[in-house]
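User: I am new to this structure and would like a short tour. Please start once it is on the screen.

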There are 2 protein chains.
Amino acid sequence: MSLVVVGSVALDSVETPAEQRDDVLGGSAVYFAYAASFFTKVHLVGAVGEDWPAEHTALLVKRGIDTAGLQIVRGGQTFRWRGRYLPNMNDRETLEVHLNVLDTFAPQLSETQRRCEFLFLANGTPLLQEQVLAQVTGPRLVVADTMDLWIRTQHDELMRLFKKIDGLVMNDAEARLLTEDENLVRAGHAIREMGPQFVVIKKGEHGAMFFSEHETYVLPAFPTPDVVDPTGAGDSFAGGMMGYLAAQGNFEPRTLKAALAYGILVASYNVEDFSLERLKQIERADLDRRLAAYRQMLNF
Amino acid sequence: MSLVVVGSVALDSVETPAEQRDDVLGGSAVYFAYAASFFTKVHLVGAVGEDWPAEHTALLVKRGIDTAGLQIVRGGQTFRWRGRYLPNMNDRETLEVHLNVLDTFAPQLSETQRRCEFLFLANGTPLLQEQVLAQVTGPRLVVADTMDLWIRTQHDELMRLFKKIDGLVMNDAEARLLTEDENLVRAGHAIREMGPQFVVIKKGEHGAMFFSEHETYVLPAFPTPDVVDPTGAGDSFAGGMMGYLAAQGNFEPRTLKAALAYGILVASYNVEDFSLERLKQIERADLDRRLAAYRQMLNF
């Protein structure tokens, strides 16, 4: 099943208590696409500037990702983000943001992309997400991500978007902010009642929760001692989840739970090194081995 | 298998953002014993004052708990704690502590209690826990709880205790404090290397982790939307876990995981009302039904 992701493509600079990296490959669409590529063909839609290293595109192509939708803007510079993680490796502060080409990014999907069956609207303004959504014809599953900034500043637009999407992923702090409820079980269901048929709340080191009308699941994170850089964990989670769903082509409870598990496991690898360094070292078979261990852990 | 718990018996006053209760039944030994009583016979060792309502003892006796070790100190007053939960229902501030009879509490185990096979040393000073431990003869499993205060002020005594116990339960903040490591997977194993054969880290709404030399498990909390009062969650968790272990009498990986699950499920009921109100309404069959739903949730 064809899967399209529309989102940011970035050069990230990341500071952790132990180490630092400058201008490494990042961005929501990149993490998502790379994670999803373990399961299915992904079409990436995004924009970069003339400073974009061709080797990054080559890396994505090597994974079978379709980069036809990656626009190189003449005279433009690639989106850059610099952030610093606090010692808990969960909270972070943004030190610098240079939108650059993202400032005027108005994605135009190709004919092939418009006919996609699975669409992931990575974090962006609700208006931009809506404009992308308006271009696709009859998708089977549309999932969106969002962030605290839009919850605070574009609430009405977000509510309108929620009524048009099938699924929503957000993190625990965002869910609490949106609902003003500290209890994530209540928050998850409350958000579902705002429109989406299902809601996934990402809890970082504590795993993820899934809410639909008749189902509530919580799965723990895979207990890795090697958390080097959490950047992209949420997007690689979403990529693993949607990549698996697109590959399976059904939304049975077991499939949804397995999709959630694969999302958690891709993210567990992703955080074990900076940028895509750890994911570059693994194959689908590694994910399946970790899934077997994870299943075993949850079986008693 | 005989199970003894030594710990506090209290009259708690609890303030939550929604409600308040004064002088309700509480204390680590009470929550532990009540939770364990769903699985096995428990012998409670503790002290109260002359103000202790006889109906509280009657409630424990009704659950089959042996209260012969509950000493009523003449002229004494029962330990009282008053606390307030923050809106996240996880963090709390202690408003008042009146040690009363606990100030001079020096438990003397009876002959029967000394021969117990399973012993839980609920939170108390490491010295007191050690004094109790010195009285038992050949127990099969000794598990202790502790708290941030002893980690800060009685570190050496705590380290000595750790070398004498089989298992240790503590919460996530305490594990981080003790190891100065934010990563709970590393922290759990580091604490295990301080002495105990296994360590359980309680994560409140995020479940619990288990660490032994060859095993690392994480299980999520049961997703209940009804968190009314978290007081006693940690002790009812420990009671469910040890009660089940004492009933099974073996420490196979599957048994340990099921014990962890039952601990999580008793705690999930416990937080649904103040004091023991919710636990008073349920039976073992309710726990088994919730376990079936929990197993189903974790199966994909």
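Analyst: In β6(B), B:W81 is the bridge partner of B:D12. This is a predicted model, in which local features need pLDDT of at least 70 and side-chain atom pairs count only at pLDDT 80 or more, while totals for chains, interfaces and linings use all residues. Residues are numbered from 1 along each chain as its sequence is written, and chains are lettered from A and ligands numbered from 1 in the order in which they are written.

User: Which strands does that bridge belong to, and how many bridges join them?

Analyst: Strand β2 (residues 10-15) and strand β6 (residues 79-85) of chain B run parallel and are joined by 6 bridges. Strands (E, at least two residues) and helices (H or I, at least four) are DSSP runs, numbered from the N terminus. Two strands pair if DSSP finds at least two bridges between them.

User: How does β6(B) run against β7(B), parallel or antiparallel?

Analyst: β6(B) and β7 (residues 92-98) of chain B run antiparallel, with 6 bridges; B:R80 stands opposite B:H98. The two strands form a hairpin with 6 residues between them, and B:M89 in the turn has a positive phi of about 60 degrees.

User: What is the strand order in the open sheet?

Analyst: The sheet has 9 strands in chain B, ordered β5-β4-β1-β8-β9-β10-β11-β12-β13, with mixed pairing. β5 (66-72) and β13 of chain B are the edge strands, each pairing on one side only.

User: What joins β4 to β5 in chain B?

Analyst: β4 (residues 42-48) of chain B runs parallel to β5(B), and 5 bridges join them. B:A47 stands opposite B:Q71 in β5(B).

User: Changing topic: how many residues of chain B are in contact with chain A?

Analyst: 28 residues of chain B are in contact with 27 residues of chain A, where contact means that C-beta atoms, placed from the backbone, lie within 7 Å. α8 (184-192), β13 (216-219) and α10 (253-270) of chain B each supply at least two residues of that side of chain B.

User: Why do the copies meet through the same surface?

Analyst: 96% of the interface residues of chain B are also interface residues in chain A, so the copies meet through the same surface.

How values were computed
Contact = placed C-beta atoms within 7 Å.
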